[in-house]
Amino acid sequence: VMPHFSRRPGRRAALLTASVIAGTALAAPAPASANLMFNLSYLAGTPAAAQNAFAAAASAWSAMLADNVTVNLTVGTAALGPNILASTGAVDVTTSYSTFRAALAADATSSNDATAVASLPAGSSLHVLINHTLQNAGNSYVDSTGANTATIRLSNANARALGLPVTTSNLGGNCIGTCDGYIAFSTGFGFDTDPSDGIAAGQFDFVGIAIHEIGHALGFISGVDVLDTNANSFGDNAFTYISPLDMFRCSAASAAQNAIDWTAGSDPKSFSLNNCTTTLASFAT
């Protein structure tokens with residue numbers, strides 16, 4: 001049994017796996033003026049080698065993203081569940097869909113940005129292809145009314161990048177002061193903190209896993225995890241967990257109905273800036 005990369009603690013209790021962001025997290029370099037910054041705090045007992053390796057992982061993201069913001073992360077070690085290498089908890093906020101789209105448009109600086117914004121409908125709500133709700137437990141349907149179609153849930157990091165209000169939290173006491181995210185590495189596994197000479201047998205690549213976990217804190221998450229975990233237990237308006245990344249999650253079925261694909265199931269799901277006219281990568285299903 002291979003270890004899972006992460007679980008995101010808190011009210012979502014959602015399993016986040018590497019396949020969610022495969023091929024997209026570090027797809028292309030940002031301009032040379034990239035200036036995303038990190039304010040890193042380490043819990044007592046975090047080895048110096050781990051601190052240096054985590055800083056290297058943060059630098060990899062700084063080199064890729066050109067948002068002029070600072071993201072505050074607390075890092076440490078903990079006894080996590082079986083087969084969990086690392087865990088990320090991120091502070092998040094909610095905003096209306098119309099506010100989110102307006103901020104996205106105001107922040108656009110490239111042709112890709114413009115394409116992405118143009119793919120999203122104007123107005124106060126989305127069309128959402130959804131399933132596993134009390135309204136229609138067995139089949140997918142398009143929902144365009146209610147809280148779930150008009151609410152976007154962002155990480156603090158996403159909100160900072162878009163100039164939207166953020167919230168302060170210590171994530172249940174895990175943070176040193178307040179933070180935007182808390183990342184814990186399991187004390188139950190061995191980690192190699194220097195990938196320059198390869199990864200030692202029986203150990204895991206600390207820097208690679210740190211890059212993955214930082215991605216979750218930055219907003220590489222999908223609310224479909226919540227739908228999947230709570231399948232057939234709630235009405236569709238309970239699922240106010242659509243993330244910015246989900247705005248570009250599509251399928252042949254959702255594209256035909258001018259909706260985002262927010263279903264859990266075996267049908268292929270794609271990452272696309274133009275409602276599946278061009279697909280860039282595969283998403284977890």
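Is Y241 buried or exposed in this predicted model? Y241 is buried, with a relative accessible area of 13%, where buried means under 20% relative accessible area, exposed over 50% and partly exposed in between (1.4 Å probe, protein chains only). The model is predicted, so that local features need pLDDT of at least 70 and side-chain atom pairs count only at pLDDT 80 or more, while totals for chains, interfaces and linings use all residues. Residues are numbered from 1 along each chain as its sequence is written, and side-chain values use heavy atoms, with hydrogens and water left out.

**View 1. The chain as a whole.** The chain has eight helices and 16 strands; helices (H or I, at least four residues) and strands (E, at least two) are DSSP runs, numbered from the N terminus. Of the 285 residues of the chain, 44% count as buried. Contact means heavy atoms within 4.5 Å, and among contacts between residues at least 6 apart in sequence, 71% join residues at least 24 apart.

**View 2. Helix α1 against helix α6.** The axes of α1 and helix α6 (residues 206-218) come within 8 Å and cross at roughly 55°, the axes being lines fitted to C-alpha atoms, for helices over the stretch in contact, with angles that run from 0 to 180 degrees between N-to-C directions. The two helices, α1 and α6, are therefore oblique to each other, given that angles under 35 degrees count as roughly parallel, over 145 as roughly antiparallel, 65 to 115 as roughly perpendicular and the rest as oblique. In this contact α1 passes α6 in a right-handed crossing; a crossing is left-handed if the near helix is turned anticlockwise from the far one by less than a right angle, and right-handed if clockwise. On the α1 side the contact is made by A50, A53, F54, A57, A58, A60 and W61, and on the α6 side by F206, V207, A210, I211, I214, G215 and L218. By class, the contact of α1 with α6 has 13 nonpolar, one polar and no charged residues, where Ala, Val, Leu, Ile, Met, Phe, Trp, Tyr, Cys and Pro count as nonpolar, Asp, Glu, Lys and Arg as charged, and the others, Gly among them, as polar.

**View 3. Helix α2 against helix α3.** Helix α2 (residues 97-107) and helix α3 (residues 111-118) have axes that come within 9 Å and cross at roughly 160°, which makes α2 roughly antiparallel to α3. Here α2 passes α3 in a left-handed crossing. From α2, R101, L104, A105 and D107 meet D113, V117 and A118 in α3, and the residues of this contact divide into four nonpolar, no polar and three charged.

**View 4. Aromatic rings around F54.** The structure holds ten aromatic pairs; rings of Phe, Tyr and Trp (its six-membered ring) pair if their centres lie within 6.5 Å, and planes under 30 degrees apart count as stacked, over 60 as edge-to-face and the rest as tilted. Y42 and F54 form an edge-to-face pair, 6.5 Å centre to centre with 90° between the planes. Y42 lies in strand β3 (residues 37-42) and F54 in helix α1 (residues 48-62), so the pair ties together parts that are twelve residues apart in sequence. F54 is buried, with a relative accessible area of 0%, and F54 and F185 also form an edge-to-face pair, 6.4 Å centre to centre with 90° between the planes. This second pair links distant parts of the chain, with F54 in helix α1 and F185 in strand β10 (residues 181-186), 131 residues apart. F185 is buried, with a relative accessible area of 1%. Ring pairs link Y42, F54, F185, F191 and F206 into a cluster.

**View 5. The loop between α7 and β13.** Y241 is found in the loop between α7 (224-229) and β13 (249-250), and its C-alpha lies 5.5 Å from that of R153, although Y241 and R153 are 88 residues apart in sequence. D246 lies in the loop between α7 and β13 and is buried, with a relative accessible area of 1%. Leaving aside its neighbours within four places in sequence, D246 is in contact with S222, G223, V224, Y241, I260 and W262. The C-alpha atoms of D246 and F283, 37 residues apart along the chain, are separated by 9.8 Å. N232 is found in the loop between α7 and β13, where N232 counts as partly exposed at 36% relative accessibility and has a positive phi of about 65° although it is not a glycine.
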